[in-house]
Amino acid sequence: MTTTTHDTHHDAHDDHHHGPAKGIMRWVLTTNHKDIGTLYLWFSFIMFLIGGAMAMVIRAELFQPGLQLVEPNFFNQMTTVHGLVMVFGAVMPAFTGLANWLIPMMIGAPDMALPRMNNWSFWILPFAFLILLSSLFMEGGAPNFGWTFYAPLSTTYSPDSTALFVFSVHIMGMSSIMGAINVIVTIVNLRAPGMTWMKLPLFVWTWLITAFLLIAVMPVLAGTVTMVLTDKYFGTSFFDAAGGGDPVMFQHIFWFFGHPEVYIMILPSFGIISAIVPAFARKPLFGYASMVYATASIAILSFLVWAHHMFTTGMPVFAELFFMYCTMLIAVPTGVKVFNWVATMWRGSMTFETPMLFAVAFIILFTIGGFSGLMLAITPVDFQYHDTYFVVAHFHYVLVTGAIFSIMGAAYYWLPKWTGHMYDEKLGKLHFWCSVISVNVLFFPMHFLGLAGMPRRIPDYAVQFADVNQIVSIGGFAFGLSQLIFLAVVIKCIRGGAKAPAKPWEGAEGLEWTLPSPAPYHSFTTPPEVK
Amino acid sequence: MAAPGVSHRKLIIGLGLGCVAMFGFGFALVPLYDVLCEKLGINGKTRSEAASYSKVEVDEARTVEVEFIAQVQPGMPWEFGPVVKRMQVHPGQLVRTEFRATNHSAKRIVGQAIPSVSPGQGAAYFNKTECFCFNQQVLAGQDSASLPLIFFVDPDLPASIGTLTLSYTLYDITDKSLGGAIQAGAAK
């Protein structure tokens, strides 16, 4: 044992000078921010495919009215686990992966500030999802109460696997919190000389603010699942009216976490779009300072709007008005951002390579999602839209064509830097056009289904919704298949392709482009001078 | 590298303490919620102690409709409901009504009724001088009982509220109650 430890130390010492170790242990033991970034990104992509497969089951069942393929209980497990996997397994780890790869290169740091914790925060994640996904194969099945796990669905009426759900959420939370601490310490302490706060790339700024949001709300989520655990298994009555608790309180505590959480999943996107748009418009970003302040305002406002998810719980009118106005106020900083991106493109020398296509699609489609959010914010009409497919359409516009599109744009934009090869532009464009068309066929008609009254989270529906659901399902299958093109592009780009120069995009700005492509295993061991 | 203004160690400790504090805050939301709801009178919970009826003037000019609703926890073998479903009362008037509960099972069951008033803002004006909900209800197998409720509506009830709906949900707390525990002990 002693010898092994000694050897590992010795290897690690050698690594420091000669690049990565060989074999699987490179990935298990790595403390290198680029390796860990890669692990996060692949993990996220695998989760994206698993969560996507569940979405395919959902859309296949909803292709026709009536019950064809799966039992209602299994359908509920699919919607629940799809949500959990996509939120905690696909979107959040993808952003953490991008943060790992990019933040040290963008601020001129040699690595993340806490490399060993970095390894740990990634490697607990696969176990969290192993626990969650394994519950699908257990007697009684996986969680079936929706990703929002409202009490008493998750307490009185939940399956035996609820404890596993709780522990997996605990582990995901720990991973996110450690990642967030790492990001903050890195940004605060490891900036290159001359890299002042107002020179930070916006991706770094948005991630810094996201990290504070994570630290503020992930512990509250941990508390919420703990209360569910003790209510279900240990006889407490946090949410049980019979014992003096209150099920509505669950929703307050959950959404106190839940609303900042949705900004956790979109703020880094804003940073990505703010990097891509100037590069392909060949103009500096319009209104840098206002972008920073807008991001901070969105983060602060996100703590004051949680009850807009609960307008129909019987709140007093003054509370409904307060949450309605605060929610609509968020449109102001978000509008500032959209305005700035459009102003950046205004009279720019624009070209439309794949990253730019995704960025432009993001701006248009995310704004549609923002508008449907404004409609939902209006209390009186929310009573009609609440828990219908209109809500499903809204949050998929902001999460799929918002967060996911920005992540794909980021992947195309930085792939040459990561792999040293240019990706196949033709395949990339094919992926974009297949995705952008199918995603709208998939999600746009859901607005009409919701306005017509189709409730969400149901395996069967009234026959008048049949035609639109069929169109939606076809869009869903097409969107799912289109993502395999993305997988092909990435693999092709890793294996070879045209040699990428240090700065493959003419208008790109930032320290990462001063490094050769592929970025060396250890970069900025002596910090660059930022003027 | 810029000389760090704060050491890694101090930052990590600070951020870690922030996490612990937020974990605690999640639990602090529980009492905070109860206090806010009670102070603002917003979630329809009525007081859990008896109100005293003294020096209350009856407002004969005004009539308020009071409705009674009862629900039983799914799976609990009780029948439970108001004897009178709807009545007209004057604010300040002391009114007596009753609910009936029947245990259709062969077992002794302990029930607990949880009241809620709609609209929520009306809860603070709904005063009960005597209510079965202040205590547990114990019914032996196949037994039934009438459960009294004596209440008055506060004359200060806002004019915007014309109807008060009092809803009771009955829960089976046999396993959690002291009586239930004693019974379980005796059965051994």
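Domain bounds here come from an automatic or database domain assignment. Keep in mind, too, that this is a predicted model.

**Exercise 1.** Find how chain A is divided, and how far apart the C-alpha centres of its domains lie.

*Solution.* Start with the bounds: domain 1 of chain A covers 1–26, and domain 2 covers 31–514.

**Exercise 2.** Follow helix H8 of chain A from its first C-alpha to its last. Where does a kink lie?

*Solution.* First, the length: H8(A) runs over residues 202–233, which is 32 residues. Its end-to-end reach is 45 Å, close to the expected 46 Å. Now look along the helix: at Ile215(A) there is a kink of about 30°, shortly before Pro219(A), a proline. Then check the cover: 29 of the 32 residues in H8(A) are buried, meaning under 20% relative accessible area. Finally, step past the helix to Gly235(A), which has a positive phi near 75°.

**Exercise 3.** Is chain B a compact globule or more spread out?

*Solution.* Begin with the elements: chain B has two helices and nine strands, in the order α-β-β-β-β-β-β-β-β-β-α from the N terminus. Its radius of gyration is 24 Å, well over the 16 Å the globule rule gives for 188 residues, so chain B is more spread out than a compact globule. Along the principal axes, its C-alpha trace spans about 80 × 55 × 30 Å. As for burial, 39% of chain B's 188 residues count as buried.

Notes
Residues numbered from 1 in each chain as written. Chains lettered and ligands numbered in written order. Predicted model: local features only at pLDDT ≥ 70, side-chain atom pairs only at ≥ 80, totals over all residues. Heavy atoms only, no water. Helix = DSSP H or I, 4+ residues; strand = E, 2+ residues; numbered from the N terminus. Expected span 1.5 Å × (residues − 1). Bend = angle between axes of the 7 residues up to and from the residue. Buried < 20%, exposed > 50% of the residue type's maximum accessible area, 1.4 Å probe, protein only. Rg over C-alpha atoms; globule rule 2.2 N^0.38 Å.
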